[in-house]
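Here is a quick tour of a protein chain for anyone meeting it for the first time. Have a look at the picture, and then we'll walk through it piece by piece.

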Amino acid sequence: LKGVTEEQFDWKPYPECKSIRETLQHMVIVDRSGLDSLRSGKEPDYESYSVQETEIALLLNVLEASHRDLLAGLTEATKGKALDETICIFGMPMPII
């Protein structure tokens, strides 16, 4: 994302799609809701999540942290399990692999 201008971060090829900035915010929501789902075993209430950060450098830091937290949650949820065992994420049991 180096070299992308503020204008480019908010550009959309058509109105219904997400801009780069909105996509980054969406990725944070996916990480957070996935982690909550791993912990609860239930489908997340996606509407309850939001990302207020809009400044790109800070948003990238938030995304890095949310992704790191999700990976730590996945590591914990799969610890000691065989690859064909299931975990529940996004409200759906699925095999680890």
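Does L1 count as buried or exposed? L1 counts as exposed, because its relative accessibility is 51% and the cut-off for exposed is over 50%. Keep in mind as you read that this is a predicted model.

You'll find L1 in the segment before α1, the helix that covers 6-10.

Now move along to helix α2, which takes in residues 20-40 and includes Q25. Q25 counts as buried, since its relative accessibility is 15% and buried means under 20%.

What does the side chain of Q25 reach? The answer is the backbone oxygen of E53, at 2.9 Å. If you skip the neighbours within four places in sequence, Q25 is in contact with V51, E53, T54 and L59. So E53 turns up on both counts, as the residue whose backbone oxygen is reached and as one of the contacts of Q25.

## Charged pairs

Next come the charges. Side chains of opposite charge can pair when their charged atoms come close. How many salt bridges are there? The count comes to five.

One of them joins R21 to D10, with the closest N and O atoms 2.6 Å apart. This pair links distant parts of the chain, as R21 sits in helix α2 and D10 in helix α1, eleven residues apart. The two partners also have their own burial labels: R21 is buried because its relative accessible area is 9%, while D10 is partly exposed because its value is 41%.

Another salt bridge is formed by E64 and R68, whose closest N and O atoms are 3.9 Å apart. Both residues belong to helix α3 (residues 56-78), and because they are four residues apart there, about one helical turn separates them. R68 counts as partly exposed, because its relative accessibility is 48%.

E76 and K79 form a salt bridge too, with 3.2 Å between the closest N and O atoms. Here both partners, E76 and K79, are exposed. Some salt bridges share partners, and in this way E6, D10 and R21 are joined into one network.

## The hairpin

Finally, look at the two strands. Strand β1 covers residues 86-89 and strand β2 covers residues 92-95. How do β1 and β2 pair, and over how many bridges? They pair in the antiparallel sense, over four bridges.

You can follow the pairing residue by residue. I87 stands opposite M94 in β2, and C88 stands opposite P93, also in β2. The hairpin of β1 and β2 has two residues between the strands. In this hairpin, F90 takes a positive phi near 55°.

Definitions and conventions:
Residues are numbered from 1 along each chain as its sequence is written. This is a predicted model: local features need pLDDT of at least 70, side-chain atom pairs count only at pLDDT 80 or more; totals for chains, interfaces and linings use all residues. Side-chain values use heavy atoms; hydrogens and water are left out. Buried means under 20% relative accessible area, exposed over 50%, partly exposed in between (1.4 Å probe, protein chains only). A polar contact is a pair of N or O atoms within 3.5 Å; within protein, one must be able to donate a hydrogen and the other to accept it, and residues adjacent in sequence count only if both atoms are side-chain atoms. Contact means heavy atoms within 4.5 Å. A salt bridge is a side-chain nitrogen of Lys or Arg within 4 Å of a carboxyl oxygen of Asp or Glu. Two strands pair if DSSP finds at least two bridges between them.
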